[in-house]
Amino acid sequence: MAGADGDAGTAGAHATHSTSGEADPGEGGPREHGRRRFLTYLVAAPTLAVATSIGSETAAPSEAQAAVPSPPAPADILDLGDALILAGKPTSGLLVLKVDEEGTVHFRLPREEVGQGLTTAVAMLVAEEMDTPLENVRVQLDDARPELLFNQLTGGSNSIRSLYGPIRHTAAAARGRMVATAARRWDMKPEALSVRDGQVVGPGGRSASYASLATAAAGERTEELSDALTATKPESDHKLVGVPTSRIDARAIVTGQQEYTLDLDVPGAKPTMVRRPPTLNGTVKSVRNEAAVRGMPGVLDVVVVETGVAVVAETFGQALDGKEALEVSWGRGSVDDLSDDGIRKKLRAAAPPVAVPPVLTGHTDAEFDFAFVSHAPLESNSAVADVRKDSATVWSGLKSPVVAQQTIAADLGLPQDKVTVHVIQGGGSFGRRLFFDAALEAARISKKSRRPIRLMWSRIDDMRHGRMRPATHHKIRATHTLGNVISFEHSVAAVETDFRHGLGEILSATAAKLPVGGNASLAQSIFLTTVKTPYNFGATTHLLNEVQLRMPTASWRSVYSANTRGAEEIIVDEIAKKMGKDPVAFRREFLKSARQRAVLDKVAEDGEWGRKMPEGFAQGVAFHEEYKSRTACLVEIDARDPKAPRVTKAVIAVDVGRPVNPRGLEAQMLGGLTDAISTTLRAGLHIDKGLPLEGSYSQFHYARQKNSPPDVRIHVMPAEEGGEPGGAGELGVPAAVGAIANAYARATGTKPRSFPVNFDVDFDPFPR
């Protein structure tokens, strides 16, 4: 990591060579990377390193037709991913790729790996374009780089969408330079050469490995590379991209070799834990027994910070003992008087009313409640911080490292360039690590304790005081007549989702904190650019009203869509039933495109939709589209005991336009299915007098192995000709929520309206 810092600094400042040209104009797709101008910068001898800069692009319209067509939703015209790509466009090409003297390709990824398989997909893109074996590519997570304005945020299912073109162009530029270097060495024209398996190959059996060319390619020589030499491969020539590939970090993860934040060997960093208040956002009034705790074995320091009282010790066991022994007088929190019932009442009162009167038409109305949900990543919040008088260094799993660096610098009173933020692979996130709570808290503790510290949140604290998906309430009305749906209204009231990380840098983060408009405006923008109904349901509207309760919330996988689209897919089944139509046939009739219908047809066929099942068993189906991708899910459920239902089979079809790693895509869909099984059937957080009751996996009922279906089939649809990758990270949840709820409804003869459907407090809560 430390070495990479220097490289980042040289990418622009020490460029010694550049070329520009037009790439292959024959490339197609909605965004014509091939028509962009790009620059390659040669940096940092003695190994080859390039960075690229790419110009503007355009979007393409989508297909739509129906008997009673719906006008395009905002998300059909410009979705959140499009907006993030446009915002990051000026710096999206500032990527750094190096080839060392062993021929190994090193790529610095300005995004976070939290288990989604991003590093593997990126390595595949680099290896493909450079025509080198995958095992010769190393992907390193980049430190916070403020120059990557709007372009270092990992969220919105956007990483592969936004990096697909820039990575390929960067790797193509490096490949072109290798070819040019070999051509000079052999006194031949570059057009006569080709690349294969990490070597440049020429006539007469000549060959030169990338290892042998790296130093010469990095020389201070100025030359212009031809368009053909730096053009990206046509997708039709891909040999690796699109092929199911196992994760490059799988062995390290399963053997314990993968380093997470607390595995780092940072000299002198001392284990630290924090005693947190008994209610959310409670404050410290006084510590009654500080001297006694300071005298406990191994305890090195006790410091008060904004979030609680920290104990620094020689071991985590001693830090835990110290924090448990603390006697603290606490101030009130932000929602001390609120429990679930009170919050639900506020949400129901805040939900905008439906407006279309069902005059002379049939109609279907419904209201839904969804509970708070913990992100519950396996790796709890953690960070290592070393704050000195005139500098600071922080290590943590961060999906928005730039705003983390900027905020920590301001909080410590240090210049931004005196704060180094290293991004460490995270053990899960699901949206949680968009916030840098642990990094900021660790920096504050380190400053006060005047020593490097390694901070770990306990599991209880992580679940009770960590971020969570807000509770929501939904009102839906559909009017229908003569076999058509005429209008479809969906009003959502939600506890405020915190977007104060902005777009990953301090400017938009500060704007999100403005008291008027601020976070609410950003929430409306994200809601409207992510939520859409994929059917031709006539006049279709979505409204969001957020209730501003000061609670530690954050985007949870699929943000608004898991609940919003999940509820809609339940209503779609109920509309179909009222019209006397089969749920699959009804969806086929009202979906807008052939590619949408293709994924639905696939699950209906492989899942044997409509097959006869025993009493207490049933099938359910649902569809979802977002971020230029679409999926359908069919499940079978055993609900003979409605209090202990189990999904026994799932069939999923997914179309992301152009899959980079189908195996990784399957894993994303399986993860989405598991999230849906959990939060639809049993997993949620109860709020009791200002604090979640759940404090462990034994209490937050996320799906276990016994809850997972023994039969799961995932179909990755063929790549779309000329298409680019759509979003996939959040795609798998909403359709699975709808399918599971619909199966449960059919099996039990009920209409589920509150989720999770089984949500008892069947445990003894830990003390506050």
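What follows is a conversation about a predicted model of a protein.

Visitor: What makes the radius of gyration of the protein agree with that of a compact globule?

Guide: A compact globule of 768 residues would have a radius of gyration near 27 Å, and the protein has 27 Å, so the two agree. The C-alpha atoms fill a box of roughly 80 × 75 × 45 Å along the principal axes. The protein has 21 helices and 31 strands, and buried residues make up 61% of its 768 residues.

Visitor: Why is alanine 376 called buried?

Guide: Buried means under 20% relative accessible area. Alanine 376 has 12%, so the word applies. Alanine 376 is in the loop between strand E16 (373-374) and strand E17 (382-387). Its phi is near 50 degrees, a positive value in a residue other than glycine.

Visitor: And valine 559, how do you know whether it is buried or exposed?

Guide: By the cut-off of 20%. The relative accessibility of valine 559 is 14%, and therefore it counts as buried. Valine 559 lies in the loop between strand E24 (539-547) and helix H17 (561-578), and its phi, near 45 degrees, is positive.

Visitor: Why is glycine 722 called partly exposed?

Guide: Exposed is over 50% and buried is under 20%, with partly exposed in between. Glycine 722 has a relative accessible area of 24%, so it is partly exposed. It lies in the loop between strand E30 (711-716) and helix H21. From glycine 722 to serine 380 is 342 residues in sequence and 41 Å in space, C-alpha to C-alpha.

Visitor: What makes a set of residues a nonpolar core?

Guide: The residues must be buried, of nonpolar kinds such as Ile, Phe and Leu, and joined through side-chain atoms within 4.5 Å. The largest such core here has 55 residues; Ile343, Phe372 and Leu549 are among those with the most contacts inside it. Helix H21 (732-748) is one of the elements that each supply at least two residues, and the largest share, nine residues, comes from H21. Another core, of 45 residues, lies apart from this one and includes Val179 and Leu213. In soluble globular proteins, nonpolar side chains tend to be buried together.

Visitor: Which residues are in contact with isoleucine 343, leaving aside its neighbours within four places in sequence?

Guide: They are Leu338, Phe372, Val495, Leu549, Met551 and Ile687. Across the protein, among contacts between residues at least 6 apart in sequence, 78% join residues at least 24 apart.

Note on methods
Residues numbered from 1 in each chain as written. Predicted model: local features only at pLDDT ≥ 70, side-chain atom pairs only at ≥ 80, totals over all residues. Heavy atoms only, no water. Helix = DSSP H or I, 4+ residues; strand = E, 2+ residues; numbered from the N terminus. Rg over C-alpha atoms; globule rule 2.2 N^0.38 Å. Buried < 20%, exposed > 50% of the residue type's maximum accessible area, 1.4 Å probe, protein only. Contact = heavy atoms within 4.5 Å.
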